[in-house]
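Trainee: I would like to learn how to read a few features of a structure. Please show me the model and take me through it.

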Amino acid sequence: MFTSIINTLNNCFKIPELKSRIIFTMIVLGICRLTSLVPVPGLDGAALTRFFDSKAGQNSGGGFLGMYSMFTGGGFEHCAIGSLGIMPYISSTIILQLLQAVVPFLSKLAREEGGRTKLIQYGRVLTLFLCLGQGLVMAIGWEHAGGNGGMFQGLESNLVLIPNRFWYLLQTTVILSTGTMLLMWLGEQITDRGIGNGISLIITVGILARLPQAGRGLVDMFLTTGPLGEHQFNIFHLVALVLLLFAVIAGVVAVTQAERKIPVQYAQQMRGRKMYSGGSSFMPLRVNYSGVMPVIFASAILMVPTMILSFLGRTYHWKVFDELSEALSTGSFTYLLLYGLMILFFSYFWVATQFNELQIADDLKKNNGYIPGVRPGQATSNYLHRTMSRITLAGALFLTIIAVIPIILARQLNIPQPVAQFFGGTSMLIIVGVMLDTMRQMESHLLMRHYDGFLKKGRLKGRF
């Protein structure tokens, strides 16, 4: 197996076009990593980094700030120019996708020739406005980071080193917005001239950049001794964690690639003076149609009431706010229950807004296609709706299990959060999904080169 993988990688570098794409992608991703390490002028990024390092061993399940820092590749922890990450662009894309389901103009534009290009332009403009707004909020948050009700309780030093408040807010907002727009442009360059989806690869590399921290946490976990000098974790725990990791990866790969194939039959049809013969095909319906979006939505929404209740408790010192905040804290039974229910809800919500069974049934009818045993038109639409609802339930339950595993490991089994996040959740879903998509694109280049070389020169280009 490993020999086959190594041979495939060697073959990738034997094809000039694919080799140049891979090298270009690696160089651009390296530049993207620099944006998460270069601090914004006028901010003490080292102090914030020390604060996050001191909190790394506290197993609270990560929290909203931990999840946001993960998506920015650690840039948020360093007060870097890429602290906003690529999330504003992701948010603008999601907003436009959701609006297409309710705004007729956008829905019509998406189906027109050249409409996708206009939607991409709209997304860029919306990204800029989101960057300016989020950049200003982040600048204000850094300004009051350690105070009463601030984002970082326990932070002793002041992060802002610029005395002029107006200049600090203006400079920081512009720099953060520029950093995100640069990442967006670099991601588009990877998509056009590199290999894989650029935006997804930027997020994935940011997550993988935390692997050294996770490895260090894993080593510290097995070297930590208890009050009597005994090791808290033994070799059996290590084997169990490795087996769990392989099981999670296998499950994510299986469900990510799982699909329900709906058979489709096309009848003969006359176009002008030509008769086109019919044929059979299939329509793939993905089990995990919504991908990682329900997990992101559920995590972000559940963190809002917790942060509000915690702020009110610290400000007014009311015990009821502290009790409610503790009940909704990450890892509690109430949190896990609401978390699972919200993942189920958003899985169906995403399918309902993105999967248009009426349009699919209408397209099949226009092209003289039909599902065997199902009448064209409304009956086909109802059949697709029932089928998609059933397989969405399986995908939603899988997402719930994968999302809950890191929380249980961190909160109940005292696994360090940097280690637990690689055993499921958004990290594993994004990494596996992006790697599979990149491998498919590399494989398509290999097959295409193999086919061209065989026809033109009678032999393969290189030794395959």
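Trainee: Take Glu-143 to begin with: which residues does Glu-143 touch, not counting residues up to four places away in sequence?

Mentor: This is a predicted model, and in it Glu-143 touches Asn-158, Val-160, Arg-165, Tyr-168 and Leu-169, with residues up to four places away in sequence not counted. Glu-143 itself belongs to helix α7, which covers residues 115–143.

Trainee: Does Glu-143 count as buried or exposed?

Mentor: Buried means under 20% relative accessible area. Glu-143 counts as buried because its relative accessibility is 18%.

Trainee: How should I read Ile-360, and what is its relative accessible area?

Mentor: The value for Ile-360 is 23%, so this residue is partly exposed. Ile-360 sits in helix α15, residues 357–366. Leaving out residues up to four places away in sequence, Ile-360 touches Met-283, Phe-355 and Leu-384. The chain also brings Ser-381 into view: Ser-381 is 21 residues from Ile-360 along the chain, and their C-alpha atoms are separated by 7.6 Å.

Trainee: Now a pair of helices. At what angle do the axes of α2 and α8 cross?

Mentor: The two axes come within 10 Å and cross at roughly 170°, where α8 is the helix of residues 165–193. That angle is why α2 is roughly antiparallel to α8.

Trainee: Which residues make the contact between α2 and α8?

Mentor: From α2 the contact uses Arg-21, Phe-24, Thr-25, Val-28, Leu-29, Ile-31, Cys-32 and Thr-35. From α8 come Leu-182, Leu-183, Leu-186, Gln-189, Ile-190, Asp-192 and Arg-193. By type, the residues of this contact are nine nonpolar, three polar and three charged.

Trainee: Which residues are the closest to the centre of the largest cavity?

Mentor: The largest cavity is lined by 15 residues, and Cys-32, Thr-72, Gly-73, Leu-183 and Ile-202 are the closest to its centre. The most comes from α2, with four residues. The lining of the largest cavity divides into seven nonpolar residues, seven polar and one charged.

Trainee: And what lines the second largest cavity?

Mentor: The second largest cavity holds about 30 Å³ of space. Its lining is made of Val-287, Asn-288, Tyr-289, Ser-290, Ser-347, Val-351, Thr-392, Gly-395 and Ala-396. At least two lining residues each come from α14 (333–354) and α16 (378–411), and α16 has the largest share, three residues. By type, this lining has four nonpolar residues, five polar and no charged.

Note on methods. Residues numbered from 1 in each chain as written. Predicted model: local features only at pLDDT ≥ 70, side-chain atom pairs only at ≥ 80, totals over all residues. Heavy atoms only, no water. 1 Å grid on protein atoms, 1.4 Å probe; cavity = no way out; pocket = protein on both sides within 12 Å on 5 of 7 lines; lining within 4 Å. Nonpolar A, V, L, I, M, F, W, Y, C, P; charged D, E, K, R; others polar. Points joined across faces, edges and corners; volume = space filled by probe spheres on them. Buried < 20%, exposed > 50% of the residue type's maximum accessible area, 1.4 Å probe, protein only. Contact = heavy atoms within 4.5 Å. Axes fitted to C-alpha atoms, helices over the stretch in contact; angles between N-to-C directions. Parallel < 35°, antiparallel > 145°, perpendicular 65-115°, else oblique.
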